[in-house]
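Thanks for coming, everyone. I'll take a few minutes to walk you through a structure that is new to the group. Have a look at it first.

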Amino acid sequence: MEKANVDVKPGRVNDPNKMARRAAFDPTVATEKPQAFYDQIKAKFAEERDKRLNYRPSGMSQYTSDLTGDLAKYETDPWAASAIERAPIEDHVECLFIGGGFSALLTAARLRERGVESIRIVEKGSDVGGTWYWNRYPGAACDVSSYDYLPLLDELGYVPKSFFAKGPEIFAHCQAIARKYDLYDLAIFQTTVTQTHWDEKEKIWRLQTDRGDKLTANFVIVANGTLAKPKLTKIKGMERFKGHSFHSSRFDYEYCGQNLENLKNKRVGIIGTGATAVQLIPHLGKAAKELFVFQRTPSAIDIRDDIPTDPEWAASLKPGWQKERLDRHVLGTKPDPEKRKEIEAMPRELRTQRYENHNIEHQMRIHRRVDEIVQDKKTAEALKPWYMHRCKRPTYDDDYLPAFNIPSVHLVDTDGKGITEIYEDGVIFEGQEYPLDLLIYATGFEVQVTGIYNDIRGEKELELNDKYKNGMRTVFGIHSAGYPNLFIMGGYQASFQFNVTFMLQTQGFHIAECIRHTRENGYRTIDAKPETESWWVGEVIKYRGTTSRNRECTPGYYNFEGEENRREDGNYNGGMWQYCQHLDESKGRYEEYFKFDE
Ligand code: NDP
């Protein structure tokens with residue numbers, strides 16, 4: 001049984017089919033079909049997964065994010081109107097953020113509220129916004145309701161324009177936050193932090209950048225984003241391609257035209273069919289002379305049904321409305337004790353079977369939707385995802401499937417194999433050449449890596465990744481012992497939420513409170529106690545043991561491309577509610593959790 005987990009706002013159609021956004025499966029409810037039906041589908045899921053694993057034993061290393069040399073163009077900033085000329089800076093601030101996306105903006109806002117004046121953002125792009133600065137491809141939008149995703153709506157007195165916010169609105173909101181909290185004053189853009197080293201004697205962080213800056217700070221917040229560094233699949237011959245090419249997060253409007261008008265005589269190819277491509281393809285399909293979609297694994301495409309914000313509803317909102325709404329949502333993730341008891345009383349095998357059966361029912365609805373929309377039967381078959389819901393990032397779009405009814409849009413389904421060869425004029429698959437003028441890589445990003453572009457060294461000059469060599473060690477995914485006054489955002493060992501900004505706000509509150517406590521008590525440093533770290537690593541391990549996603553899911557970034565990984569090297573799976581509880585419990589008891597140095 002599927003349960004809609006979104007608010008129905010006035011004017012929104014209360015049709016369960018239209019509400020089927022976030023599926024929650026209840027194992028206490030039996031499914032209706034004979035078990036053989038589900039078993040057969042589960043066997044097909046396994047077959048599809050095995051096929052992909054056999055094609056790509058290279059796992060994560062099939063990708064590269066080392067975009068240097070010939071590949072450097074895939075990472076250049078297309079939005080920088082001009083290169084900022086400035087002399088290297090040598091100065092000191094109290095709090096320094098590496099990165100200027102939501103992590104930095106939300107935490108900085110909370111620091112301002114606590115009276116911190118000296119705050120600097122150092123950002124690779126030319127403005128704040130992070131993901132929403134970089135990803136400006138046509139159709140970019142968020143899949144979480146805008147009233148939940150766009151943070152600080154109460155504080156900014158803003159109500160989003162529609163149920164799902166589009167990229168430009170979100171980017172503008174980021175800029176508005178930076179203005180409201182005076183974060184532009186000290187910010188430096190087009191600047192990448194390359195070194196973040198702890199000075200044990202002075203008890204400050206010393207940072208260097210690619211612009212020759214020598215910066216120091218009391219507190220450093222590593223806010224480099226969860227999906228910030230573009231990656232490319234290593235494909236034989238990619239450097240030979242003579243046409244134009246770019247990564248989806250560096251969309252080239254100069255080549256395509258502001259309204260993609262330049263594509264009307266172009267043969268366009270796109271590699272990848274993840275959440276980015278799902279939003280982009282309908283636009284390319286309408287604009288290009290011909291579009292070739294090179295698919296390795298289809299995404300699950302659910303209903304979007306976006307609607308403009310009802311002005312009456314917006315006018316009726318009382319101050320504090322967003323906080324109330326978010327609190328309700330988090331409470332919504334709190335396990336109902338009665339239900340929990342009922343579920344726990346079930347035999348484990350039956351419980352798992354029911355979860356899976358409901359999940360399969362959900363995916364079969366996604367399949368039916370493909371059949372209802374896509375006219376060509378072969379194309380429709382190829383667009384059906386054969387894996388459990390949430391093995392890959394689910395997507396929500398009403399224009400993607402219809403795009404395949406446009407005669408000039410061609411699905412080149414590689415049946416799990418993927419594109420393995422590129423030649424001077426385009427892409428080759430199974431001996432067939434697809435000549436192209438433009439090739440777009442929608443191949444994703446490095447996931448939750450702390451310290452991209454950056455060398456972080458704490459006490460005894462130990463580099464952070466060296467510390468993690470035998471397994472990640474943090475407290476709440478935020479603190480790591482031996483790295484005093486350093487706070488990590490959006491990395492592993494923290495909880496993960498579909499609504500990323502909620503997660504980042506939670507971390508931002510905690511970090512701002514830790515810094516407040518340190519300052520107000522006259523301490524110079526805060527660091528994780530090794531015993532707290534051991535406790536937290538234990539918590540992460542405990543909950544990550546309960547999922548079979550790595551083994552059973554089709555490969556993708558959610559399961560490290562099917563690679564075995566240590567149980568501590570991932571997100572905390574105890575649930576968002578419990579993660580918030582842990583952070584709350586630490587408040588007022590920081591001396592028990594952390595080491596302070598006067
Ligand atoms: P993903 O990593 O999700 O997708 C990469 C795609 O490239 C996959 O379809 C992958 O196939 C495919 N691929 C890789 N190599 C090849 C190859 N050789 N041949 C053919 N296909 C290939 O990246 P995205 O940029 O789409 O999304 C990243 C994340 O960003 C999302 O999961 C989401 O969290 C976020 N996002 C959110 C949005 C929203 O809120 N609406 C919009 C866009 C992104 P395979 O599946 O087989 O690995």
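Let me start with a question: which residues does His247 touch, not counting residues up to four places away in sequence? The list is Tyr74, Pro230, Lys231, Leu232, Tyr441, Thr443, Gly444 and Phe445. Keep that list in mind. Please also keep in mind that this is a predicted model.

Where does His247 sit? It lies in strand S10. His247 is buried, with a relative accessible area of 0%. One distance to go with that: the C-alpha atoms of His247 and Tyr137 are separated by 10.0 Å. Along the chain, those two are 110 residues apart.

Strand S10 covers residues 244–247, and it pairs with S19 in the parallel sense. There are 4 bridges between them. In that pairing, Ser245 has Leu439 of S19 as its bridge partner.

S19 has another partner, strand S11, residues 267–271. That pairing is also parallel, over 4 bridges. Here Val268 stands opposite Leu438 in S19.

So what covers S19 itself, residues 438–441: one face or both? Both faces are covered. On one side, Leu438 and Ile440 are buried.

Let's step back to the whole chain. How many helices and strands does it have? There are 20 helices and 23 strands. The radius of gyration is 24 Å, close to the 25 Å that the globule rule gives for 598 residues, so the chain is as compact as a globular protein of that length. Along its principal axes, the C-alpha trace spans about 70 × 60 × 55 Å.

Some totals. Of the 598 residues, 57% count as buried. Take the contacts with a separation of 6 or more: residues 24 or more positions apart account for 75% of them. The accessible surface comes to about 25800 Å², and 49% of that belongs to carbon and sulfur atoms. On charge, there are 83 positive and 91 negative. Their mean positions are 2 Å apart.

Next, another strand: S8, residues 214–222. Is it mostly covered or mostly open? Mostly covered, with 7 of its 9 residues buried.

S8 pairs with several strands. Strand S2, residues 90–98, runs parallel to S8 over 8 bridges. In that pair, Ile98 is bridged to Val222 of S8. Strand S21, residues 486–488, is also parallel to S8, joined by 3 bridges. Val222 turns up again here, with Ile488 of S21 as its bridge partner.

Strand S7, residues 204–209, runs antiparallel to S8, with 4 bridges joining the two. Arg206 stands opposite Thr216 in S8. S7 and S8 form a hairpin, with 4 residues between them. In the turn, Gly212 has a positive phi of about 80°.

Gln190 has a positive phi of about 50°. It is found in the loop between helix H6 and strand S6. At 14% relative accessibility, Gln190 counts as buried. Arg390 has a phi near 75°. Its loop runs between helix H13 and strand S14. Arg390 is partly exposed, with a relative accessible area of 37%.

Glu539 first. Its place is in helix H17, residues 530–544. Glu539 counts as buried, at 11% relative accessibility. Beyond its neighbours within four places in sequence, Glu539 is in contact with Tyr572 and His582. His582 belongs to helix H19, residues 576–586, where it is one of the buried residues. Just after H19, Gly588 takes a positive phi of about 85°.

Then Asp415. Its place is in the loop between strand S15 and strand S16. Is Asp415 buried or partly exposed? Partly exposed, at 36% relative accessibility. What is it in contact with, leaving aside its neighbours within four places in sequence? Glu48, Lys51, Arg52, Tyr55, Gln295 and Arg296. Asp415 and Ile360 are 55 residues apart along the chain, and their C-alpha atoms are separated by 21 Å.

That's my tour. Over to you for questions.

Key
Residues are numbered from 1 along each chain as its sequence is written. This is a predicted model: local features need pLDDT of at least 70, side-chain atom pairs count only at pLDDT 80 or more; totals for chains, interfaces and linings use all residues. Side-chain values use heavy atoms; hydrogens and water are left out. The radius of gyration is taken over C-alpha atoms; the globule rule is 2.2 Å times the number of residues to the power 0.38. Buried means under 20% relative accessible area, exposed over 50%, partly exposed in between (1.4 Å probe, protein chains only). Contact means heavy atoms within 4.5 Å. Accessible areas come from the Shrake-Rupley method with a 1.4 Å probe; for residues, only the protein chains shown count as cover. Lys and Arg count as positive and Asp and Glu as negative; His and the chain ends are not counted. The place of a charge is taken as NZ of Lys, CZ of Arg, CG of Asp or CD of Glu. Two strands pair if DSSP finds at least two bridges between them.
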